[in-house]
Amino acid sequence: GVRRILRQSRPEWPAMAAATLCLVLAVLGQAVMPLLFGRMVDATSDTSGSRDARLRRYSAACAELALVVGVSLFFTAVRAYVFNSAGAKLCIDHGLHAIDATPARRHGGVGAKVVARLRVLLFGRMLAQETAWFDARETGDLLSRLASDTQKLQAAATETVSLALRSAISALVSFALLFLTSWRLACLATAVVPFLIGATFLAMRVVKRLAKESQAALARAGAVAQEGLANQRVVRSFGAEGFEVGRYAHAVGDPDAAERPAKDSSLALGLRQAGVQAAFITTTAALGYASVLGVWYYGGLLVVRGQMTTGDLVAFVMLLLTITASLSVLAQTGASVVEAVGASVEIFAVIDREPAIPNDWSSKSDADRATELRLARGDAAGCAFEDVVFSYASRPDLRVLDGLTLRIPAKSRAAQDCALVGPSGGGKTTLLHLLERFYDVGSGRILFDGVDIRAVEPTVLRTKMALVAQQPALFSGSIRDNIAYASRARGLRTDDAAVEAAAKAAHAYDFATAFPDGFETAVGERGVRLSGGQTQRVAIARALLAAPRLLLFDEATSALDAESEALVQDAIDKLCVGRTSISVAHRLSTVVNADLIALVQGGRVIGSGTHDALLQDCAEYSNLVRRQLRAADSSASLA
Ligand code: ADP
Ligand code: MG
């Protein structure tokens with residue numbers, strides 16, 4: 001993980017190298033300061049020579065110290081400027097957790113760039129995954145991956161690494177100076193080191209596990225919140241605000257609740273992590289104090305016996321304090337690095353995952369290219385389902401399509417408009433999704449223009465078709481942007497006339513121009529809310545403008561009243577001249593003129609043909625027609 005993160009930050013390496021050099025120089029300066037303090041002490045206690053000579057010795061020692069302090073400060077300043085981080089200092093002053101709240105960390109600086117780059121990469125890799133992967137995940141979970149896990153990596157990628165480096169260098173240099181100053185005292189002082197290492201090792205292991213768990217807990221809480229906020233209307237209409245807050249509180253861990261927070265809530269895990277960290281910090285501090293006290297005692301004896309000067313003892317103790325402080329920073333930053341490594345495992349699992357259905361192929365053979373060219377020609381496309389068996393991964397034992405066979409010839413032959421009818425849950429939507437290759441068939445095959453769809457790069461295949469989903473989603477932006485979505489995604493310019501023509505065909509023109517801003521009216525989360533029927537019509541215009549060879553409508557007019565449905569259906573019929581269309585019918589009345597009607601039930605086509613042929617041959621179809629007629633009659637008699 002860490003190597004990957006470093007590679008992510010490659011463009012920042014020159015800056016990081018410069019910063020690191022400054023850091024090493026500054027730390028070296030700081031490390032020798034205790035020795036200079038010791039000299040000052042010795043200069044004051046050395047009573048030999050004249051008063052002037054003593055003063056000169058003392059001033060010289062002071063000047064040396066001032067020089068080293070100045071140089072060290074200079075390099076610190078340069079480093080801080082290059083690194084543009086207040087976070088590193090805060091990390092020493094307040095411990096690890098203060099960093100996350102530092103605004104400086106979120107704006108500016110090397111780390112922010114690394115995180116931004118990582119986020120974009122991760123988002124791209126998420127969108128590259130196959131649909132089944134999304135089926136198994138919650139959006140809130142993915143969002144928290146993008147937002148907070150990447151943030152954790154920032155620590156490991158930049159400031160924390162430099163901080164850990166600084167502490168390590170400072171500890172090492174001071175350690176060498178300890179032995180130079182007095183090897184006897186140094187041996188005594190280092191007696192605590194094995195204990196220190198043991199404690200660090202233990203704490204690291206626990207923190208690593210807890211960090212992983214709390215990561216997962218946060219993601220769970222995020223998923224609950226995301227659901228509640230996105231479905232705010234449903235929550236409201238059922239008066240379920242309190243209920244949802246309760247669900248969220250359970251996931252987060254309500255600190256004010258009477259009972260203890262759930263064991264796997266992020267609060268409980270955070271508290272445990274804090275406890276472990278507190279215990280660890282206390283242990284290291286205690287060990288540090290023990291060694292300092294021991295050194296004062298034994299060092300005092302050495303001074304009294306004349307085996308050591310007072311200045312050396314002062315220098316020694318100051319070195320020891322430096323080491324203790326460095327080690328404790330090292331341990332804390334270590335914990336945050338471990339945390340980041342935990343987050344990085346999750347992130348890189350997504351980044352490295354090869355989608356089961358890759359949208360883009362890395363290489364294409366000549367045969368692949370020839371196939372693509374073949375698909376590029378012609379207007380209407382034929383397609384065929386041959387003995388298709390399919391189950392969703394979440395319900396492997398339910399055969400949603402169970403040996404479905406359906407042939408939809410292209411325009412040049414008999415039929416071009418195919419209507420799918422049948423009971424809800426029969427597999428009609430699934431059939432369209434398989435054609436788009438959102439999922440792969442379990443067995444059997446699907447042909448598009450005589451080519452197995454698995455033999456074509458999915459992105460190419462999908463440019464040949466456009467789907468108007470059962471519940472179409474629009475993006476935030478203007479109506480125009482939404483209609484022109486396909487060409488914008490392909491980086492093309494769409495002229496306004498084309499957008500307006502598509503809108504007219506989809507009967508979206510009149511309501512769009514009725515808004516004060518017309519086609520520039522913002523829709524989506526922060527814009528006007530379109531009605532269900534208006535949304536469907538914008539989605540139809542969006543599909544039409546993509547100019548595909550095959551149009552797929554999944555109950556695309558279900559939110560329209562009968563009259564507008566007839567209008568839009570009529571427009572669709574006109575537009576589909578020269579194109580193949582497959583429409584899942586909402587009302588049978590709209591399909592009677594279709595060239596081919598297929599009755600899908602229980603994952604099979606149990607009858608296909610024209611309306612008249614089906615009425616004659618297929619008992620289920622005539623039943624369906626009779627039931628709908630009866631429903632229409634009773635609603636007519638109500639009117
Ligand atoms: P229709 O569009 O004809 O109403 P669908 O194709 O939507 O039917 O659904 C067919 C069956 O597949 C239903 O039993 C439904 O519960 C199931 N199903 C649909 N989508 C999924 C999914 N993503 N995961 C698991 N099961 C699904
Ligand atoms: Mg459906």
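1. Is R437 buried or exposed? R437 is buried, as 21 other C-beta atoms lie within 10 Å. A residue counts as buried if 20 or more other C-beta atoms lie within 10 Å of its own, as exposed if 12 or fewer do, and as partly exposed in between, with C-beta atoms placed from the backbone. R437 sits in the loop between α18 and β4. Its phi is positive, at about 60 degrees, although R437 is not a glycine.

2. Basis of the note. This is a predicted model, in which local features need pLDDT of at least 70 and side-chain atom pairs count only at pLDDT 80 or more, while totals for chains, interfaces and linings use all residues. Residues are numbered from 1 along each chain as its sequence is written, and chains are lettered from A and ligands numbered from 1 in the order in which they are written.

3. Overall content. The protein comprises 27 helices and twelve strands; helices (H or I, at least four residues) and strands (E, at least two) are DSSP runs, numbered from the N terminus. Of the 639 residues in the protein, 37% are buried. Among contacts with a separation of 6 or more, 77% are between residues 24 or more positions apart; a contact requires C-beta atoms, placed from the backbone, to lie within 7 Å.

4. Annotated segments. The unreviewed UniProt entry lists residues 13-38, 58-82, 163-182, 188-207, 278-298 and 313-331 under "transmembrane region". UniProt positions are given in the numbering used here, feature names are shortened, and annotations may be inferred rather than shown by experiment. In the model, residues 58-82 are 100% helix and 0% strand, with the end C-alpha atoms 36 Å apart. Residues 188-207 are 85% helix and 0% strand, and there the end C-alpha atoms are 30 Å apart.

5. Position T181. T181 belongs to helix α10 (residues 159-181). T181 is buried, with 21 other C-beta atoms within 10 Å. Leaving aside residues up to four places away in sequence, T181 touches D312, A315, F316 and L319. The C-alpha atom of T181 is separated by 27 Å from that of F74, a residue 107 residues apart from T181 along the chain.

6. Which residues are around ligand 1? They are D135, Y392, S394, R395, V400, S424, G425, G426, G427, K428, T429 and T430, where a residue is near a molecule or strand if its C-beta atom, placed from the backbone, lies within 6 Å of it. By class, this shell divides into two nonpolar, seven polar and three charged residues. Here Ala, Val, Leu, Ile, Met, Phe, Trp, Tyr, Cys and Pro count as nonpolar, Asp, Glu, Lys and Arg as charged, and the others, Gly among them, as polar. Helix α18 (residues 428-435) supplies the largest share of the shell, three residues.

7. Helix α18. Seven of the eight residues of α18 are buried, so the helix is largely enclosed by the rest of the structure. The buried residues in α18 are K428, T429, T430, L431, L432, L434 and L435. R437, with its positive phi of about 60 degrees, comes just after α18.

8. The sheet. Four strands form an open, antiparallel sheet in the order β2-β1-β4-β5; two strands pair if DSSP finds at least two bridges between them. The edges are β2 (401-408) and β5 (451-452), each with a single partner strand, so one side of each is left without a neighbour in the sheet. Helix α18 packs on this sheet and touches β1, β2 and β4 (443-448), its direction making about 115 degrees with that of β1. Axes are lines fitted to C-alpha atoms, for helices over the stretch in contact, and angles run from 0 to 180 degrees between N-to-C directions.

9. Strand β1 (residues 383-390) pairs with β2 in the antiparallel sense over six bridges, and V389 stands opposite D402 in β2. Five bridges join β1 to β4, also antiparallel, with V389 opposite S443 in β4. Between the antiparallel strands β4 and β5 there are two bridges, and F448 stands opposite V451 in β5.

10. The β4-β5 hairpin. Two residues lie between the strands of this hairpin, in which D449 takes a positive phi near 55 degrees. D449 is a residue other than glycine, located in the loop between β4 and β5. D449 is buried, with 21 other C-beta atoms within 10 Å.

Key:
Two residues are in contact if their C-beta atoms, placed from the backbone, lie within 7 Å.
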